[in-house]
Amino acid sequence: MSDHHPDIETMRHSCAHVMAAAVQSLWPNAQFGVGPTTENGFYYDVLVEDTITEDDLAKIETAMRKIKKKKHPFTVSSVPTDDAIALMESMTQPFKVDLLSLLKHKGSTAVTKSLDDDKAVSIDTDASGAPSVTLYQTGQFIDLCRGPHVRHSGEIGQFKLHKLAGAYWRGDEKNPQLQRIYGLCFEDKEQLEAEIERLEQLKLRDHRRLAKILKIYHLDDEIGRGLPLWLPNGMVIRQELEYLAQRCERQDGYRNVATPHIAKEKLYVKSGHLPYYKEDMYHPIELDGENYYLRPMNCPHHHMIYKSSPRSYRDLPVRLTEWGQVYRYEKSGALNGLMRVRGFCQNDAHIYCRYDQTKEEFIKVIQLHARYYELFEITDFRMILALPDYECANKYSDDRENWEKTAQVIREAMDELGYPYEEEEGEAAFYGPKIDFIIKNVLGTEYTISTCQLDFMAPSRFELDYRGDSGKQEPVLVIHRAPLGTHERFIAFLLEHYGGNFPTWLAPCQVKIIPISDRHLAYAEEVYQRLFSAEVHCASGGLRVEIDKSSERMQKKIRNAQLEKVPYMLILGDQEVASETVNMRHRSGEQSAQMTCEDLISRLKQETESRMDFSRASVTCADESKDNE
């Protein structure tokens, strides 16, 4: 009996090939892109004459099971690159030909960068020294691939095809759009079923779904892809986050600034963004004979504010903060609701300090992160010290001494705080090392949500200095930080983190007044005015309250408010009108005793101003029914 047990990564990669073989058996003229693994399975990009539908996934699965049952071996061969090109041309596989041509002329690194897939193809040499590539055959399907694979198709594990998406070839919207078929793959049935259940819960908590129900934002092709329109409910959350940041940053000595969304080309040449970051920037706008760019970062603008006045060592540190709108040209295939967009507003700040102040300032920023994370009940996160890859000379500033010096400052700050972190090469900003915060939502999905960076390049590029106590000009060090990240990504995370059940201080509507019948409307208006007029220290200036004036039955009104995730409902009937009280109901379904408007206002004011929350207990996303979306 064999004790051979392939690793899960190899299983998943092999399962992608089996799926492609199944697609080929059903659509003989299918053209294939690439099929890499994912964190829970695999996908393959394909182009067929007719569109593959959700109903077709079951047919593909059936074909995959037949291939698995036949235990086709994965047969590998090495052929010269030119022969592989000729073979793929004869098989009418233009995307494989494109990869091989890219490989032939620019090497495997160019292929990996183009596809973000390190197993797509690799180049080697045959006995004569000529370039060669590896091909794997499974049944009738032949694929260009680096491998490795399982021994035969019977070893691909348990699988399930679970969704379809569109994907431009090599991520470029100028290229043909292929269909991306996603599959799950695990060693046993129990693991697969657990992942299917997790994905069902993720669908319920998907920020795009919840944002539609709660009317948070809207995307419209006439505006442009990746450019969200914030609806009134979304603006409430944005404004409350900004109000929170203003209060916290004021305590830490920050000063607010505002800067324009565009600037001349020479500013971004000086900052290094055009040399290092141009492919992620929008194309220039020509004005008055000069090129202007939409800003991808706020930092160059803040640097100009810093140097607008002479600075002394006594003035430092200078802390400038702005919720700044920036624009980055993300590839169409990477856009994802609010998680990845092309225009976003960042909780940005830059600290200009002496070298001997840097560690203390860095510690304060990390502590600010900690305060925010405690408030939002973010407990599952990790930190990465992102360092340069010195072999990528075109990606990073060539100043090894400063790289090492600033990285050591971060290490000392993190060690003094006692927070664990990992080091990772190749993920630093082009101008210095950084700490990235990677947080995990309740269902295990990770997001890089915020960052804190040390910049030793900007001071020399922008002549950012101060007059030291000796009278000489000395360069500052710059800390870039964004503890709340961007509105877009952070609010997307919060939607999923809370399942749409925002704490009362963040909820777009805090109180929904529900009159039982039309004769209770007059009293509902009176209660509304009393709540609306109450003075509460928050961004909106008072409680956010609405009346449901619809003709629906009371139970339907209550259900609608629950679906809208409103923290509190006030049910008003004859008894409440007679006693001039309110009957308060939590969105969890829990009833409270009748109370006066004054008692209710006192409670909501305390909850909003202290950011306590009494209304999310025992509320989960599972309370919803898909039928009511």
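Figure 1. The chain is divided into domain 1 (8-200), domain 2 (217-259 + 298-498) and domain 3 (511-628), with bounds from an automatic or database domain assignment. In contact (heavy atoms within 4.5 Å) are 9 residues of domain 2 and 8 residues of domain 3. About 770 Å² is buried between domain 2 and domain 3, and carbon and sulfur atoms give 50% of this area. Buried area is the accessible area (1.4 Å probe) that two parts lose on being put together, summed over both. On the side of domain 2, Glu240, Tyr243 and Arg247 lose the most area to domain 3, together 50% of what that side buries.

The model is predicted: local features need pLDDT of at least 70, side-chain atom pairs count only at pLDDT 80 or more, and totals for chains, interfaces and linings use all residues. Residues are numbered from 1 along each chain as its sequence is written, and side-chain values use heavy atoms, with hydrogens and water left out.

Figure 2. Arg544 and Glu240 form a salt bridge, with their closest N and O atoms 2.9 Å apart. Helix α8 (residues 232-251) supplies the largest share of the side of domain 2 that touches domain 3, 6 residues. Helices (H or I, at least four residues) and strands (E, at least two) are DSSP runs, numbered from the N terminus.

**Figure 3. The salt bridge of Arg238 and Glu488.** The structure holds 33 salt bridges. In one of them the side chains of Arg238 and Glu488 meet at 3.9 Å, N to O. Arg238 lies in helix α8 and Glu488 in helix α15 (residues 487-498), so the pair links distant parts of the chain, 250 residues apart.

**Figure 4. The aromatic pair of Tyr306 and Tyr352.** The structure holds 16 aromatic pairs, meaning rings of Phe, Tyr and Trp (its six-membered ring) with centres within 6.5 Å; planes under 30 degrees apart count as stacked, over 60 as edge-to-face and the rest as tilted. Tyr306 and Tyr352 are stacked, 4.5 Å centre to centre and with 20° between the planes. Tyr306 belongs to helix α11 (residues 299-306) and Tyr352 to strand β16 (residues 343-353), distant parts of the chain that are 46 residues apart.

Figure 5. Most residues other than glycine have a negative phi, and most peptide bonds are trans. Phi of Lys71 is positive, near 55°, and Lys71 is in the loop between α2 (56-70) and β3 (74-80). The peptide bond from Gly147 to Pro148 is cis, with omega near 0°; Pro148 is in the loop between β6 (141-144) and β7 (158-168). Leu316 and Pro317 are also joined by a cis peptide bond, with omega about 0°, and Pro317 is in the loop between α11 and β15 (318-327).

Terms used: Salt bridge = Lys/Arg side-chain N within 4 Å of Asp/Glu carboxyl O.
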